[in-house]
Amino acid sequence: MKTLFELPALKFDFAALEPAIDARTMEIHHDKHHAAYVNNLNKALESAPELYEQPLEKTLLEINKVPESIRTAVRNNGGGHANHSLFWEVLTPGGKKTPDGALLADLEKTFGGLDAFVEKFNTAATTRFGSGWAWLVLDGDKKLQVYSTANQDSPLMDGHSPLLGLDVWEHAYYLNYQNRRPDYIKAFWSLANWSYVEKQYQLYR
Ligand code: MN3
């Protein structure tokens, strides 16, 4: 029996992130866009059913071993499923608004301060041409890095552990912000779930 990938439930109401992210955007983003990635991933894997049983992280790390006929579909939809599953966790209507402890110390050491980190992340998010994501990751040497990826490419494909990701596809902000991506990025910081990011950091460091 195969275990299909499933759309994770949101831990808050669609309207919980207003005004930074509006309810209609959240509903479409989760129930339509993310659901489509999950459905299309499950469909793609019909010809390689052993991959239903393998952790998605491993499939993405070994994306070049996925049969060529479904590799692009798995890259886009498996990446999309992994990226959005993390995204819903790093958004929160309440909670801790700044990092502290070991993560803060590492951010300060690596980027020269929390503000400098945020600025670097915002630049990565703003300058990603077209659709993609901005990331804070731990790389293979356990060093913090900020960068962006195109489309649904995931840091997992490079063996990196994503700690914080921001979706900068137009579907993530267009209803409320239209072409003003920088305003969406700025508003995102009022929602960042630093408790979760710290948990990821402790897990992978
Ligand atoms: Mn999205």
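**Charged pairs and what lies around them**

Modeller: Aspartate 100 is partly exposed, with a relative accessible area of 40%. Buried means under 20% relative accessible area, exposed means over 50%, and partly exposed lies in between (1.4 Å probe, protein chains only). This is a predicted model: local features need pLDDT of at least 70, side-chain atom pairs count only at pLDDT 80 or more, and totals for chains, interfaces and linings use all residues. Residues are numbered from 1 along each chain as its sequence is written, and side-chain values use heavy atoms, with hydrogens and water left out.

Now the partner. Aspartate 100 forms a salt bridge with lysine 96, and their closest N and O atoms are 3.1 Å apart. A salt bridge here is a side-chain nitrogen of Lys or Arg within 4 Å of a carboxyl oxygen of Asp or Glu. Lysine 96 is partly exposed too, at 25% relative accessible area. In the pair of glutamate 62 and lysine 65, the closest N and O atoms are 3.7 Å apart. Glutamate 62 is partly exposed at 23%, whereas lysine 65 counts as exposed at 65%.

The structure holds 7 salt bridges. One of them joins lysine 11 to glutamate 89, with the closest N and O atoms 2.7 Å apart. This pair links distant parts of the chain: lysine 11 sits in the segment before helix 1 (23-44), glutamate 89 sits in helix 3 (residues 68-90), and they are 78 residues apart. Helices (H or I, at least four residues) and strands (E, at least two) are DSSP runs, numbered from the N terminus. Lysine 11 is exposed, with a relative accessible area of 66%. As for the general idea, side chains of opposite charge can pair when their charged atoms come close.

Stay with helix 3. Its axis is 8 Å from that of helix 8 (residues 194-204), and the two pack at an angle of about 125°. Helix 3 is therefore oblique to helix 8. Axes are lines fitted to C-alpha atoms, for helices over the stretch in contact, and angles run from 0 to 180 degrees between N-to-C directions. Angles under 35 degrees count as roughly parallel, over 145 as roughly antiparallel, 65 to 115 as roughly perpendicular, and the rest as oblique.

The manganese ion has His29 (NE2), His84 (NE2), Asp167 (OD) and His171 (NE2) as its protein donors, 1.9 to 2.1 Å away. Histidine 29 lies in helix 1 and histidine 84 in helix 3, so the pair ties together parts that are 55 residues apart in sequence. Donors are N, O and S atoms within 2.8 Å of the metal (3.2 Å for Na, K and Ca); water is not among the atoms, so sites may look incomplete. Both histidine 29 and histidine 84 are buried. Along the chain, the donors follow the spacing H-x54-H-x82-D-x3-H.
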